[in-house]
Amino acid sequence: MAQYLISVLDDTTDSATAEEMAATGAFNEQLQAEGHWVFAGGLALPSTATVVDGRDGEAVFSDGPYLESKEYVGGFWIIEALHLDVALRLAALASKDCNRRVELRPFLGALPMSTR
């Protein structure tokens with residue numbers, strides 16, 4: 001099975017509602033029951049980020065997000081699916097249940113060599 005990343009795109013600093021949390025929890029249980037679950041997690045606000053640049057020897061640490069944006073990744077799922085159609089269906093359910101837009105991306109091993 002191929003693995004895919006579903007990133008939750010958030011544009012608010014408001015916490016998820018109780019209904020969104022319950023729907024997301026039910027979606028997580030569905031993923032586990034159907035064998036699609038690999039890992040998932042919510043992320044702290046971008047203001048808590050630290051950018052680390054170790055390219056030139058000594059690492060440089062900068063507070064704050066890599067770039068300022070109205071949207072940010074608020075959480076993610078890593079799922080397994082037999083093919084893209086299944087992953088797209090699961091991403092649509094994720095978007096509905098968390099009440100946010102999501103982005104679906106395959107891990108490189110999920111793509112045929114000609115499309116990498």
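This is a predicted model: local features need pLDDT of at least 70, side-chain atom pairs count only at pLDDT 80 or more; totals for chains, interfaces and linings use all residues.
Two strands pair if DSSP finds at least two bridges between them.

**View 1**
Residues are numbered from 1 along each chain as its sequence is written, and side-chain values use heavy atoms, without hydrogens and water. Along the sequence, the pattern reads β-α-β-β-β-β-α-β. Helices (H or I, at least four residues) and strands (E, at least two) are DSSP runs, numbered from the N terminus. The C-alpha atoms fill a box of roughly 45 × 40 × 20 Å along the principal axes.

**View 2. An open sheet of four strands.**
The strand order is β2-β5-β1-β6, and the pairing is antiparallel. At the edges stand β2 and β6, each pairing on one side only. Neighbouring strands are turned by 20° against each other on average, direction ignored. Look next at β2 and β5. Five bridges pair these two strands in the antiparallel sense. In this view, A40 stands opposite W77 of β5.

**View 3. Two helices on the sheet.**
Helix α1 lies across β2 and β5 and runs at about 25° to β5. Helix α2 also packs on the sheet, where it touches β1, β5 and β6 (contact: heavy atoms within 4.5 Å). The direction of α2 makes about 155° with that of β6. Angles run from 0 to 180 degrees between N-to-C directions of lines fitted to C-alpha atoms, for helices over the stretch in contact.

**View 4. F27 meets W77.**
The structure holds two aromatic pairs (ring centres within 6.5 Å, for Phe, Tyr and the six-membered ring of Trp). In the pair shown here, the ring centres of F27 and W77 are 5.1 Å apart and the planes stand at 85°, so the pair is edge-to-face. Planes under 30 degrees apart count as stacked, over 60 as edge-to-face and the rest as tilted. This pair links distant parts of the chain. F27 belongs to helix α1 and W77 to strand β5, 50 residues apart.

**View 5. The hairpin of β3 and β4.**
Strand β3 (residues 50–53) runs antiparallel to strand β4 (residues 60–63), and four bridges join them. D53 has V60 in β4 as its bridge partner. Six residues lie between the strands. Among the residues of the hairpin, G57 takes a positive phi near 95°.

**View 6. N99, a positive phi without glycine.**
N99 is not a glycine, yet its phi is positive, about 60°. Most residues other than glycine have a negative phi. N99 sits in the loop between α2 (84–98) and β6 (101–106).

**View 7. The largest pocket, about 490 Å³.**
A pocket is an open set of points on a 1 Å grid over the protein atoms alone, where a 1.4 Å probe fits, with protein on both sides within 12 Å along at least five of seven lines; lining residues have an atom within 4 Å of a point. Volume is the space filled by probe spheres set on the points, which are joined across faces, edges and corners. Of the 25 lining residues, A16, M21, G42, G74 and G75 are closest to the centre. The elements giving two or more residues to this lining are β1 (2–10), α1 (18–33), β2 (37–42) and β5 (72–81).

**View 8. The second largest pocket, about 220 Å³.**
Its lining includes T13, L45, P46, Y66 and Y72. Also in this lining are E68, K70 and E71.
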